[in-house]
Amino acid sequence: MHEKRMRFGDFIKRKRMGDPRELTLSDMAKELGISVSFLSDIENRRRRPFDPEKMEIFARFLGLTEEETARMYDLASYENGEVPYDIEDTLMYDEVGTLARFALRQTKAGNATEEDWKRFIREIEAKKERRESGEQ
């Protein structure tokens, strides 16, 4: 399935079924503390994504990477029409959130481009790599 069109249910189903433990719906539902039918409905897009607490359990149990976990939160938030759970505090209540919202509005107005964002992300990634390698 094309990544841009992936839905939350598709994502969690793919991750569950791709796990080397060959997890069944029953296995995963038990771990999450939900019914098999509820999980099946979510995987088959008949219900909205489960709550953030269950997403944390899901990510931990399946050993999702930071990137995969962020993708899961983004897919859930898109379907629920809300800010992603993992960045809500930052985006809505921190000073950096004020800056991020300003930058997003500038993008919407056509004053910042995709290339501007890519350059910013490359700078952040380079800074992270320097910090991890012990450089300043």
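**View 1. Helices α2 and α3 of the predicted model cross at roughly 105°.** L25, S26, M28, A29 and L32 of α2 meet V36, L39, S40 and E43 of α3, where contact means heavy atoms within 4.5 Å.

**View 2. Helix α1 (residues 8–18) has buried residues that pack against other helices.** These are F8, G9, D10, F11, I12 and R16, buried meaning under 20% relative accessible area with a 1.4 Å probe, protein chains only. Their packing partners are α2, α3, α4 (52–62) and α5 (66–80).

**View 3. F58 lies in the largest nonpolar core, which has 22 residues.** Such a core is a set of buried Ala, Val, Leu, Ile, Met, Phe, Trp, Tyr and Cys residues joined through side-chain atoms within 4.5 Å. F58 is among the members that touch the most others, as are F8, I12, L32, L39, F50 and M72, and α4 gives the largest share, five residues. Not counting residues up to four places away in sequence, F58 touches I12, K15, R16, M28, L32, F50, L64 and M72.

**Notes on the model.** Residues are numbered from 1 along each chain as its sequence is written. In this predicted model, local features need pLDDT of at least 70 and side-chain atom pairs count only at pLDDT 80 or more, whereas totals for chains, interfaces and linings use all residues, and side-chain values use heavy atoms, with hydrogens and water left out.

Conventions:
Axes are lines fitted to C-alpha atoms, for helices over the stretch in contact, and angles run from 0 to 180 degrees between N-to-C directions. Helices (H or I, at least four residues) and strands (E, at least two) are DSSP runs, numbered from the N terminus. Buried means under 20% relative accessible area, exposed over 50%, partly exposed in between (1.4 Å probe, protein chains only).
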